[in-house]
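Dear colleague,

Please find below the structure that I am handing over to you, together with its sequence. My notes on it come after the display.

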Amino acid sequence: MAVAARKTKAPAQPKAAAKTAAKTGSAKAGADKGASKALSNMPTFDKAEELHAYREMLLIRRFEEKAGQMYGMGLIGGFCHLYIGQEAVVIGMQMASKEGDQVITGYRDHGHMLACGMESRGVMAELTGRQGGYSRGKGGSMHMFSREKNFYGGHGIVGAQVSLGTGLGFANWYRDDGRVSFAYFGDGAANQGQVYESFNMAQLWKLPVVYVIENNRYAMGTSVSRASAQTDFSRRGLSFGIPGEQVDGMDVRAVRAAAERAIEHARSGQGPYILEMQTYRYRGHSMSDPAKYRSKDEVQRMREEHDPIEQVRGRLTRDFKVSEDELKAIDAKVREIVNDAAEFATHDPEPDVSELWTDITLETARA
Amino acid sequence: MPIDILMPALSPTMEQGKLSKWLKAEGDTVKAGDIIAEIETDKATMEVEAVDEGILAKILIADGTENVAVNTPIGVIAAEGEDVSAASKPAVAKPAEKPVEPEAKAAPAPIASAPQSVPAQAKSYDASSEFPAGAEVATMTVREALRDAMAEEMRRDGDVFVMGEEVAEYQGAYKVTQGLLQEFGAKRVIDTPITEHGFAGIGVGAALTGLKPIVEFMTFNFAMQAIDQIINSAAKTLYMSGGQMGCPIVFRGPNGAAARVGAQHSHDYAAWYSNVPGLKVVMPYSASDAKGLLKSAIRDPNPVIFLENEILYGRTFEVPKSDDFLVPIGKAKVVRPGTDVTIVSFGIGMTYALGAAEALAKEGIEAEVIDLRTIRPMDIETVVASVQKTNRCVAVEEGFPQSGVTAEIGMRIMEAAFDYLDAPVARVTGKDVPMPYAANLEKLALPNIGEVVAAAKAVCYR
């Protein structure tokens, strides 16, 4: 499904200009209400792209709302970290990706899996710990994988995915197969030591990796300014000579445009690239987070003024004259997928007890 | 059909809470994602989001109601144009569908913690086929054997590469990778910066795609910086992915005490890694086992911890001359047959075991010496087969005593062959202290032949 891996006629600007554009875009992130007024350098989508982004982001939003509900009903156990609010990041990135590019992320991973084309049923059934889950119920919310869709997890140790994702890039370099790996991590993980060990080696060996820092402003309950001496994460690779930019991560068009620059850089053998996606999570860190560390007004303002889905919806009705009925039909279709996934994940049986003892090690092939 | 809004839970352990506030009134239009109410427990407040669209037809539980059980219908949403009045009767609110209760079923055997059971009459593994009599042999050091193993496997499989500190241009800190750069080039023999955590993670990431990295740690003491990637990423991913993502990687390097390098460079990690499901842990003594096991480790589809020893690098042994020489992982070897007492060890511990067996023979005690070779999975059956014959056992290791490999051996013998024991299993280990630097103290901290002899005599009541 999903990944419209299209090369767009995206801004064929010279690099320096492109960077300025992105910076401008991010600076405007706070003021750009609903993105009705097109900034001169703002990358644009055609109607098909807007519709694609709308549907894909909506799927993540509705899936996560359903997951939250099912958690509340006791069907999902343990930790459950929702991606609501950050949808434009992964969808914009995937719109710029090519078949074979790998994705790896941390524990807030449901959106990334759906964006990679993994089935809603399999993801939801893993959340409920059932045999039809991607890990047959043995991984849970934070630990899911799909070799077929080049999704390498789903990692519960903050920052570990950065070294692993660099290793994916290493494999691409070793095989010289033209693939690029996308290593996603948050503003919190960006302070882990192994991130910089990885930056160093990635640049030293010119590995094709795009580091996507999803800065949602809070590492669990600690705001960026309380945890980071350098809050401009796009500069975190500067001492290694890794280029970076800040991107309005609430605007899927800005994300895709920046992703195209970053991916081109990595794929052409120039090494890694850092994208700081300025985004926001509406929900708590996990389901049990009462979110006392930020004001309700702050959350409300982000939802009302910068919602990534509402921005696209606004452009679709205003600029592309898409009717409410058409959008409602998309909504209904998405809801149907999510309800089907929830239904499946509720009634699918738990893994057979024999699963306890499988997949610990692989059989050694006879030499 | 009207849809019930159920009282949500903040966590799976929450059973009831207070419905503190409705943010929508009856008759209001509700969109998915709208916050419609707030609930409260003694721990936190949570917003209730609508998941369905429609009109809030009826509020069933009023603001401020305490002790509302989870999954109680608190309101009803009707679709647009639906007969709202029909929904207004509380009777419509059918009881919430009970979530499918996970059934508490006992796992089938094996229930015991022991990962493998030993048959009543255990059979010893026959290692003679690994090293056929009359095979052409070469005399070489452990160091050369390890180098040859890597070179042969790299010739055989282009996906195999070596990375680590000083493995390429320096030719290996302990010269184990000597000549590999010249033969295979800089893409397959990769000098890394001094960043164990980072390059271990890169190796694991590459292995998840199917490449077969050999990650050298200059010593396993430095692998402590990387242990998260070894345990959490390499060992667990296969299981957590439901069998999708194997991790064919070898972590190798010298482990344990060398000579006079102090506590931070002398730690034996055999027991640590052997504690982790998903890993294989190999610790060879002889050059032929080093070669045959390293080749097997490189071909193995699982993460293998390959523990070498600096002191053994220079020791010379006979090794079969064959590129196809393999030693299976998970099989022990009876290296000296005997009838009176079983001495089991591995790695450099074998020097004490073999030395003690020689000394004991002079006193008329015939010890059967077993080299475990692999710590995980442990070939306890070969040990038990021996104990069923000798009825006595001494286990020897250089590592610390508490939760050590010898502790495991003793427990496993008790589980499988308690009735065969004529004496409690004894162990000889490194002392329970950080490794001292002073020559005399260091000597005291390590096991020695005398201690093994004494333990063997004690279990023989001699």
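The notes below set out what was found, beginning with the conventions.

This is a predicted model, in which local features need pLDDT of at least 70 and side-chain atom pairs count only at pLDDT 80 or more, whereas totals for chains, interfaces and linings use all residues. Residues are numbered from 1 along each chain as its sequence is written, chains are lettered from A and ligands numbered from 1 in the order in which they are written, and side-chain values use heavy atoms, with hydrogens and water left out.

Chain A

The secondary structure of chain A comes to twelve helices and eight strands; helices (H or I, at least four residues) and strands (E, at least two) are DSSP runs, numbered from the N terminus. Of the 367 residues in chain A, 60% are buried, where buried means under 20% relative accessible area, exposed over 50%, and partly exposed in between (1.4 Å probe, protein chains only). Among the contacts in chain A with a separation of 6 or more, 77% come from residues 24 or more positions apart; a contact means heavy atoms within 4.5 Å.

UniProt, in an unreviewed entry, lists residues 56-353 of chain A as "domain: Dehydrogenase E1 component". UniProt positions are given in the numbering used here, feature names are shortened, and annotations may be inferred rather than shown by experiment. Over residues 56-353, chain A is 46% helix and 12% strand, with the end C-alpha atoms 36 Å apart.

Aromatic rings

Over all chains, the structure holds 19 aromatic pairs. Rings of Phe, Tyr and Trp (its six-membered ring) pair if their centres lie within 6.5 Å; planes under 30 degrees apart count as stacked, over 60 as edge-to-face and the rest as tilted. A:Phe199 and A:Phe240 form an edge-to-face pair, at 6.3 Å centre to centre and with 80 degrees between the planes. This pair links distant parts of the chain, 41 residues apart: A:Phe199 belongs to helix α7 (residues 193-204) of chain A, and A:Phe240 to the loop between α8 (224-227) and β7 (244-248) of chain A. A:Phe199 counts as buried because its relative accessibility is 0%, while A:Phe240, at 23%, is partly exposed.

In chain B, one aromatic cluster is formed by B:Phe199, B:Phe217, B:Phe220, B:Phe251, B:Tyr269, B:Trp272 and B:Tyr273.

Two charges over rings also deserve mention. A charge sits over a ring if NZ of Lys or CZ of Arg is within 6 Å of the ring centre and within 35 degrees of the ring normal. A:Lys138 lies over the face of B:Tyr239, 4.3 Å from the ring centre, and the charged end of B:Arg260 sits over the ring of B:Tyr437, 4.2 Å from its centre.

The sheet of chain B

Seven strands of chain B form an open sheet of mixed pairing, in the order β11-β10-β12-β13-β15-β14-β20. Its edge strands, each pairing on one side only, are β11 (189-191) and β20 (374-376) of chain B. Two strands pair if DSSP finds at least two bridges between them. Strand β13 (residues 250-254) of chain B pairs in the parallel sense with β15 (residues 304-308) of chain B over five bridges, and the partner of B:Gly253 in β15(B) is B:Leu307. The pairing of β14(B) with β15(B) is also parallel, over three bridges, with B:Lys280 bridged to B:Val304.

Five of the five residues of β15(B) are buried, so this strand is largely enclosed by the rest of the structure. Both of its faces are covered, with B:Val304, B:Phe306 and B:Glu308 on one side and B:Ile305 and B:Leu307 on the other.

Helix α8 (residues 287-299) of chain B lies across β10, β12, β13, β14 (280-282), β15 and β20 of chain B, at about 160 degrees to β15(B). Axes are lines fitted to C-alpha atoms, for helices over the stretch in contact, and angles run from 0 to 180 degrees between N-to-C directions.

Other elements of chain B

In helix α5 (residues 227-235) of chain B, eight of the nine residues are buried, including B:Ile227, B:Asp228 and B:Gln229. B:Ala456 is found in helix α13 (residues 449-459) of chain B and is buried, at 0% relative accessibility. Apart from neighbours within four places in sequence, B:Ala456 is in contact with B:Val341, B:Leu360 and B:Val394.

Yours sincerely
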